[in-house]
Amino acid sequence: TLGDLWMILRRFFCLLPLLWASLAPAQTRRDLRDMAGDTVQVPAHIERVATVGAVPVLNSLLFAIGEGGRIVNGLPTFAKKPRWGYQMVFAPHTASLPSLQNPDHSPQVEALMQVAPDVVLTMDRSAAETLNRLGLPALYLAWRKPEDVKAVVRLLGDLLDQPKAAQRYVLRFDDIIGRVGAAIEREGGKRPTVLYFSPSTLRQPHLVAEWWIKAAGGNSVTDDGRQAETRSFTMEQLLDWDPDFLIVSDPGEAKAVLHDPRFAALKAVRTGQVLVTPCGAHTWGNRTSEQPLTVLWAASQFHPRAVPARQVQQETQRFYRELFAIDLSAAQVGEILTGGPRVLPADR
């Protein structure tokens with residue numbers, strides 16, 4: 001039928017850029033190893049980068065080496081919320097670009113072929129493998145421990161010919177963590193007990209939180225040596241832990257904790273120590289290139305004499321200015337530190 005013929009022709013024309021790339025001379029391509037150790041052949045020079053899946057996280061990695069301008073896709077539906085409003089501050093051009101993924105976070109293959117990025121970044125290994133088989137260069141990026149995020153940034157520095165920017169990030173990462181650790185050690189105070197969690201599911205959502213809580217001078221009540229990405233628990237267990245601090249990922253969750261009678265007897269609720277993680281490119285409590293700032297912010301909450309609030313404000317401005325190449329105002333930094341914007345930039 002004419003409809004079938006049109007579909008065949010459409011797919012053929014979508015594939016033309018990929019066919020052309022496969023016929024390009026070998027010297028215009030090079031091999032890179034992704035975070036799974038798989039070898040991926042990519043163009044020698046990268047101009048257009050697509051991010052698929054955990055888009056805010058992946059974008060934050062590009063922002064960390066000042067390369068957000070290379071992103072060729074917009075945010076997926078789940079991220080078109082005020083919580084991720086600073087994505088449009090760090091990469092304004094993405095506000096008018098389409099998402100290149102399905103509601104289940106899988107890549108929209110035909111849309112990607114039409115956009116024809118030089119490389120696709122994803123945190124889904126099976127998606128990377130599928131795209132590579134189709135001729136779309138795709139790198140699998142992942143990390144669970146702090147050293148891994150530095151490896152990811154170094155990989156992107158190699159990919160985008162920005163090794164100095166990647167090294168600048170690594171040095172800043174180590175500098176912030178080192179200074180926070182030294183300040184806490186000098187103070188020599190007690191390490192408070194801490195829970196980072198989702199109050200609606202009673203789950204600790206990310207393994208990386210065990211690291212940043214410890215690095216910030218706290219003791220995570222869910223840190224039992226686990227290797228699983230998430231940790232669920234019961235209300236009885238939470239009441240038994242009775243942590244000094246409860247930390248959630250957005251202001252709505254904090255409000256829910258403070259108004260839910262199940263949590264009323266908890267020490268953190270009674271003392272007003274229910275905190276919301278800051279949110280810039282992504283929620284600081286989850287995986288993001290902003291992880292050093294997470295440690296700095298958390299330390300200022302657990303040990304305010306060792307790490308004063310003004311230091312967090314200053315270091316945050318410096319981090320975004322020197323790494324993201326974005327000069328934020330004091331008001332913008334204040335907004336990020338209180339959990340992110342309440343409205344999208346376009347709505348202001």
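Predicted model: local features only at pLDDT ≥ 70, side-chain atom pairs only at ≥ 80, totals over all residues.
Local features were taken only at pLDDT of at least 70 and side-chain atom pairs only at pLDDT 80 or more, whereas totals for chains, interfaces and linings use all residues. Residues are numbered from 1 along each chain as its sequence is written, and side-chain values use heavy atoms, with hydrogens and water left out.

A nonpolar core is defined here as a set of buried Ala, Val, Leu, Ile, Met, Phe, Trp, Tyr and Cys residues joined through side-chain atoms within 4.5 Å. Buried denotes a relative accessible area under 20%, exposed over 50%, and partly exposed in between (1.4 Å probe, protein chains only). The largest nonpolar core holds 71 residues, and Leu 159, Trp 212 and Phe 324 touch the most other members. Helix H7 (residues 163-187) gives the most to this core, with nine residues; helices (H or I, at least four residues) and strands (E, at least two) are DSSP runs numbered from the N terminus. Another core, of 18 residues, lies apart from it and includes Phe 197, Leu 202, Met 235 and Ala 254. With contact defined as heavy atoms within 4.5 Å, and residues up to four places away in sequence not counted, Trp 212 touches Tyr 196, Ile 247, Thr 277, Trp 284, Gly 285, Gln 291, Thr 294, Val 295 and Ala 298.

Rings of Phe, Tyr and Trp (its six-membered ring) pair if their centres lie within 6.5 Å; planes under 30 degrees apart count as stacked, over 60 as edge-to-face and the rest as tilted. The whole structure contains 17 aromatic pairs by this search. Phe 173 and Trp 211 form a stacked pair, at 6.0 Å centre to centre and with 20° between the planes. Phe 173 belongs to helix H7 and Trp 211 to helix H8 (residues 208-215), so the pair ties together parts 38 residues apart in sequence. Phe 173 is buried, at 3% relative accessibility. An edge-to-face pair is formed by Phe 233 and Trp 241, with 5.2 Å centre to centre and 65° between the planes. Phe 233 is buried at 10% relative accessibility, and Trp 241 is buried with a relative accessible area of 18%. Ring pairs also link Phe 63, Tyr 86, Phe 90, Tyr 169, Phe 173, Trp 211, Phe 319, Tyr 320 and Phe 324 into a cluster.

Helix axes are lines fitted to C-alpha atoms over the stretch in contact, and angles run from 0 to 180 degrees between N-to-C directions. Angles under 35 degrees count as roughly parallel, over 145 as roughly antiparallel, 65 to 115 as roughly perpendicular and the rest as oblique. The axes of H7 and helix H13 (residues 309-322) come within 11 Å and cross at roughly 170°; the two helices are therefore roughly antiparallel. In this contact, Arg 168, Tyr 169, Arg 172, Ile 176 and Arg 179 of H7 meet Gln 311, Glu 315, Arg 318, Phe 319 and Glu 322 of H13. The residues comprise three nonpolar, one polar and six charged, where Ala, Val, Leu, Ile, Met, Phe, Trp, Tyr, Cys and Pro count as nonpolar, Asp, Glu, Lys and Arg as charged, and the others, Gly among them, as polar.

The axes of H13 and helix H14 (residues 330-337) come within 10 Å and cross at roughly 105°, which makes H13 roughly perpendicular to H14. The contact of H13 with H14 has six nonpolar, four polar and no charged residues.
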